[in-house]
Amino acid sequence: MKTKHTKSDNTKPQDMKTEGMKTEETVDTSAPALRNADPQTPARFTRPSAFAFVVLVGAAALLIHGWTQGAVVNPAELVTGAGRLGDFLADAFPPDLDRVLPILQSLLVTFEMALLGTIVGVILSVPLAIAGARNTSPHRSLYYLSRGFITVCRTIPDLVWALIFVIAVGLGPQAGVLAIAVDVMGFCGRFFADSIEEMDNGVLEGVRATGAPEHSVIFGAVLPTCMPSFVATSMFALEQATRSSVVLGLVGAGGIGVELSVSMALLRYDEAMTIILAIFIVVLGVERLSAAMRQRILGGGS
Amino acid sequence: MSAAVQLEDLKMRFRNGHQALDGVDLTVEPGQLLALTGSNGAGKSTLLRCMVRLQEPTSGMVRIHEAEVTGASSRALRRIRQDVGFIFQNFNLVDRVSAFRNVTNGAIARHGSQCAVPALVPSRVRREAMDCLERVGLAHLADRRVDTLSGGQRQRVAIARSLMQRPRLILADEPVASLDPAAGTAVMELLRDISAERGITVIAALHQVDFALDYSERIIGLRAGRVELDESNDRLSAERLHELYGPAPLTDSGTRGQRR
Ligand SMILES: Nc1ncnc2c1ncn2[C@@H]1O[C@H](COP(=O)(O)OP(=O)(O)O)[C@@H](O)[C@H]1O
Ligand SMILES: [Mg+2]
């Protein structure tokens with residue numbers, strides 16, 4: 001990078017011109033040559049590489065083993081399954097609106113859980129990302145520590161985090177908030193850090209060269225530069241969190257998921273349908289809101 | 001008077017083994033405007049960057065205003081950098097924020113980290129920032145985002161940021177190489193004028209011979225990491241200076257210089 005910048009002085013436009021001319025020439029002369037002469041027509045099929053072969057065989061082996069374990073798509077069962085799905089839908093419509101108020105209430109709690117979890121996660125992600133970006137990390141060991149932590153947050157599914165936090169803080173929305181916060185740290189921590197690493201090093205140098213200490217380089221250069229991407233990433237995280245907060249209730253981490261699993265267990269499909277529709281509307285709303293905000297922020301950037 | 005910059009046997013070897021600086025000795029008197037010339041790859045940028053350790057020299061000594069830069073702790077280094085403005089070819093401003101905010105960034109070292117956050121910048125710092133923008137002729141664009149400004153305007157914002165440091169020395173690495181001739185002239189005039197009116201020492205890497213002859217008092221020619229020429233401007237002919245770029249100006253003398 002540095003070499004490129006310093007060498008780009010006066011010679012560059014010239015270089016580019018000659019290069020451009022060269023490519024044009026080669027295209028002009030070689031195109032008819034290709035059509036006339038007949039070197040070797042490429043083969044219709046190319047032999048797969050050793051790697052592709054191993055991958056294919058591996059996948060086949062897994063599918064066969066899965067078959068013996070019941071991981072199949074059985075056409076006959078699909079037909080009967082479709083029939084039962086029809087029964088479910090017949091029961092589900094019209095949706096039962098008797099308990100619509102408590103349902104909306106617990107949906108609200110679910111969204112609040114997602115919102116709080118996202119906010120906590122985003123706030124904690126910022127220092128994590130600064131430590132986990134090569135160009136701003138105070139020390140190499142902190143870089144690895146932070147990146148490792150982020151990876152753990154990301155690779156363990158949120159449902160598993162919820163189970164763990166239910167043990168720690170008991171049943172209820174608090175466990176859900178914590179699970180979402182950790183999940184968001186895995187997502188935002190990584191993308192925040194990547195966006196910091198994508199910064200032009202010159203911008204950092206410009207502020208460092210004034211004698212500013214590292215933490216004010218963060219406030220003076222890094223945060224303002226990365227803010228749009230941070231906000232866009234956070235909105236994505238909120239969307240994801242809203243979706244997953246619905247499911248977290250199934251393992252006892254509070255919110256609408258509990259209602260849904262109870263209705264399902266009691267075979268009250270019309271009530272379940274009300275819940276599903278309500279979830280659909282809320283998730284769609286959050287998605288729209290988030291898309292609009294991202295549009296504003298990223299669109300206004302140029 | 002004590003020297004503004006003193007270099008002794010400064011060497012810098014890149015990790016790939018390339019010797020970019022091959023023993024540079026140099027003393028710069030305060031208040032001078034010095035041009036650093038030489039073809040591409042001669043080591044001009046490396047020399048300037050090594051002076052404030054944006055790049056670590058391999059060996060040798062750098063002293064700025066009697067303070068030893070090489071071997072300074074990171075805290076002492078920040079203290080030294082506070083008095084040294086650095087102007088880059090690509091401006092290196094924070095693009096997404098206003099010109100004004102970029103200028104207040106120049107006050108962080110002297111006035112503390114609150115200057116990095118717009119809401120916390122003290123009023124007298126804000127006034128001083130407007131004065132600096134006024135001095136470079138951009139007070140009317142204080143609120144404009146830097147990425148909406150022209151190259152010449154950006155470079156003047158960068159100069160305003162360095163003025164905010166109240167520098168005694170300004171290092172400028174190809175300050176006009178990315179600018180059109182008119183904007184380049186304006187920037188060079190600005191550098192010359194602030195150097196004269198505030199007694200600021202300026203060391204500018206310039207690969208355009210004309211700019212070097214027009215604006216500097218002393219010219220240093222680098223070739224393959226060594227000082228090959230060191231003359232005061234009035235005793236130097238353009239021919240002598242052109243020689244520095246090799247006898248055949250159409251070939252890339254930079255790469256040839258490296259191989260020597
Ligand atoms: N990061 C780097 N790694 C290796 N070599 C470099 C690097 N940066 C610059 N160089 C080499 O060091 C020499 C001096 O470069 P530089 O100081 O940028 O020259 P100038 O500014 O005079 O054009 C050049 O030959 C360049 O190729
Ligand atoms: Mg250079």
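In this predicted model, His65(B) has a relative accessibility of 17% and therefore counts as buried, the limit being under 20%. The residue sits in the loop that links β4 and β5 of chain B. Most residues other than glycine have a negative phi.

Strand β4(B), residues 59–64, runs antiparallel to β5(B), and two bridges join them. In one of these pairs, Arg63(B) has Glu68(B) of β5(B) as its bridge partner. Both strands belong to an open sheet of four strands in chain B, with the order β2-β1-β4-β5 and antiparallel pairing. The edges of this sheet are formed by β2 (19–28) and β5 (67–68) of chain B; each has a single partner strand, so one side of each is left without a neighbour in the sheet. Helix α1(B), residues 44–51, packs on the sheet and touches β1 (5–13), β2 and β4 of chain B. The direction of α1(B) makes about 120° with that of β1(B).

Strands of a sheet pair through backbone hydrogen bonds, either parallel or antiparallel. Strand β3(B), residues 33–37, pairs with β8(B) in the parallel sense over four bridges, and Leu33(B) stands opposite Val202(B). Strand β7(B), residues 169–173, also runs parallel to β8(B), to which five bridges join it; here Asp173(B) has Ala205(B) as its bridge partner. Strand β8(B) itself spans residues 201–205, and five of its five residues are buried, so the strand is largely enclosed by the rest of the structure. Thr201(B), Ile203(B) and Ala205(B) point one way from β8(B), whereas Val202(B) and Ala204(B) point the other way, and all are buried.

In chain A, UniProt places the feature "domain: ABC transmembrane type-1" at residues 107–290, in an unreviewed entry. Over residues 107–290 of chain A, the chain is 83% helix and 0% strand.

Helix α6(A) covers residues 140–155 and has 16 residues. From its first C-alpha to its last, α6(A) reaches 22 Å, close to the 22 Å expected at 1.5 Å a residue. The buried residues of α6(A) are Tyr143(A), Ser146(A), Arg147(A), Ile150(A) and Cys153(A). These residues cover an arc of only 120° around the axis, which means that they lie on the same side of α6(A). On the other side of the helix, Arg140(A), Leu145(A) and Thr155(A) are exposed. The cover over the buried residues of α6(A) includes α5 (100–131), α7 (158–169) and α8 (173–197) of chain A.

A positive phi also occurs in chain A. Leu267(A), a residue other than glycine, has a phi near 60° and lies in the loop between α11 (256–265) and α12 (269–299) of chain A. With a relative accessible area of 56%, Leu267(A) is exposed, whereas His65(B) is buried.

How values were computed. Residues numbered from 1 in each chain as written. Chains lettered and ligands numbered in written order. Predicted model: local features only at pLDDT ≥ 70, side-chain atom pairs only at ≥ 80, totals over all residues. Heavy atoms only, no water. Pairing = 2+ DSSP bridges. Contact = heavy atoms within 4.5 Å. Axes fitted to C-alpha atoms, helices over the stretch in contact; angles between N-to-C directions. UniProt positions renumbered as here; feature names shortened; annotations may be inferred. Expected span 1.5 Å × (residues − 1). Buried < 20%, exposed > 50% of the residue type's maximum accessible area, 1.4 Å probe, protein only. Arc of directions from axis to C-beta.
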